[in-house]
Amino acid sequence: MRVLHSLPLIAALALLLGGCVSPVVIDHRAGTDFSQYRSYAIEAPDADQEALSLNGQRVQEAVHRELADGPLTRTDLDQADLAVRYAFVPVEKFQGSTLQFGFGWFNRGYGIGATTPVEGETYEEHKLQIALVERRSSEVVWEATSRDTLYESMSSERRKERIDVMVAEMFNRFPPGAAN
């Protein structure tokens, strides 16, 4: 009986802890003094990536908006301390049934069995990844990857909203050690 009374408490704790998972994964080069960086510029992606895509434009707009009141000033790439690189990293997903049904017969070490095949299809979604690269050394000093994804059937409005949230969450935790 006591277990039934504690179920609401257990459920509330599970929801609370589930809500603590960050929507982005942040990493940075240990020992980097981020106060030395004063300016940034967005580096054009490679031609085989999202060069002139709408999603690329949305990312660039969101980055400029998020860094507008921050510690970095927007400038030309040849004068910037940090280059901002972004990419849409593909994630393969599976949609379908993984439930299997089977039957079998076993007698004296011999058996017969059968199962239904797994049915479904794979498709791609994309995570946004942003890296800040020190221009002098060409080394990544800070990197953020979204846990959320973009998928093919999203509307334009939903894509913009999702990218805005992703980028805001990423730069909410820049520089490392900044208050969240």
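Hi everyone, let me start with the surface: this protein has an accessible surface of about 12200 Å², and 52% of that belongs to carbon and sulfur atoms. Those areas come from the Shrake-Rupley method with a 1.4 Å probe, and for residues, only the protein chains shown count as cover.

A word on what we are looking at. This is a predicted model, so local features need pLDDT of at least 70 and side-chain atom pairs count only at pLDDT 80 or more, while totals for chains, interfaces and linings use all residues. Residues are numbered from 1 along each chain as its sequence is written, and side-chain values use heavy atoms, with hydrogens and water left out.

Now the overall layout. The protein has three helices and nine strands, in the order α-β-β-α-β-β-β-β-β-β-β-α along the sequence. Helices (H or I, at least four residues) and strands (E, at least two) are DSSP runs, numbered from the N terminus. Of the 180 residues, 28% count as buried. Buried here means under 20% relative accessible area, exposed means over 50%, and partly exposed lies in between (1.4 Å probe, protein chains only). Among contacts with a separation of 6 or more, 73% are between residues 24 or more positions apart; a contact means heavy atoms within 4.5 Å.

Let's go inside. Which residues have the most contacts inside the largest nonpolar core? They are Val63, Leu128, Ile130, Trp142 and Phe171, in a core of 28 residues. S2, H2, S4, S7, S8 and H3 are the elements that give two or more residues to this core, and H3 gives the most, with five. By a nonpolar core I mean a set of buried Ala, Val, Leu, Ile, Met, Phe, Trp, Tyr and Cys residues joined through side-chain atoms within 4.5 Å.

Leaving aside neighbours within four places in sequence, Phe171 is in contact with Val63, Glu66, Leu67, Ile130, Leu132 and Trp142. Phe171 is also one of the buried residues of H3, along with Arg159, Arg162, Ile163, Asp164, Met166, Val167 and Met170. The cover over the buried residues of H3 includes strand S1 (24-28), H2, strand S7 (119-134), strand S8 (139-146) and strand S9 (150-151).

How do the helix lengths look? The 16 residues of H3 should span 22 Å at 1.5 Å a residue, and its end C-alpha atoms are 23 Å apart, which agrees. The expected span is 1.5 Å times one less than the number of residues. H2, with 14 residues, reaches 20 Å from its first C-alpha to its last, close to the 20 Å expected. The buried residues in H2 include Val59, Ala62, Val63 and Leu67.

On to the charged pairs. Side chains of opposite charge can pair when their charged atoms come close. For a salt bridge, the rule is a side-chain nitrogen of Lys or Arg within 4 Å of a carboxyl oxygen of Asp or Glu, and the count comes to eight. Glu43 and Arg85 form one of them, at 2.5 Å, N to O. This pair links distant parts of the chain, 42 residues apart: Glu43 is in the loop between strand S2 (39-42) and helix H2 (54-67), and Arg85 is in strand S4 (residues 82-97). Arg85 counts as partly exposed, at 37% relative accessibility.

Glu125 is buried, with a relative accessible area of 10%, and its side chain makes a polar contact with that of Thr149 at 2.4 Å. A polar contact is a pair of N or O atoms within 3.5 Å; within protein, one must be able to donate a hydrogen and the other to accept it, and residues adjacent in sequence count only if both atoms are side-chain atoms.

Two backbone details to finish. A cis peptide bond joins Phe174 and Pro175, with omega about -5 degrees, and Pro175 lies in the segment after H3. Ser138, in the loop between S7 and S8, has a positive phi near 60 degrees although this residue is not glycine. Ser138 is exposed, with a relative accessible area of 54%.
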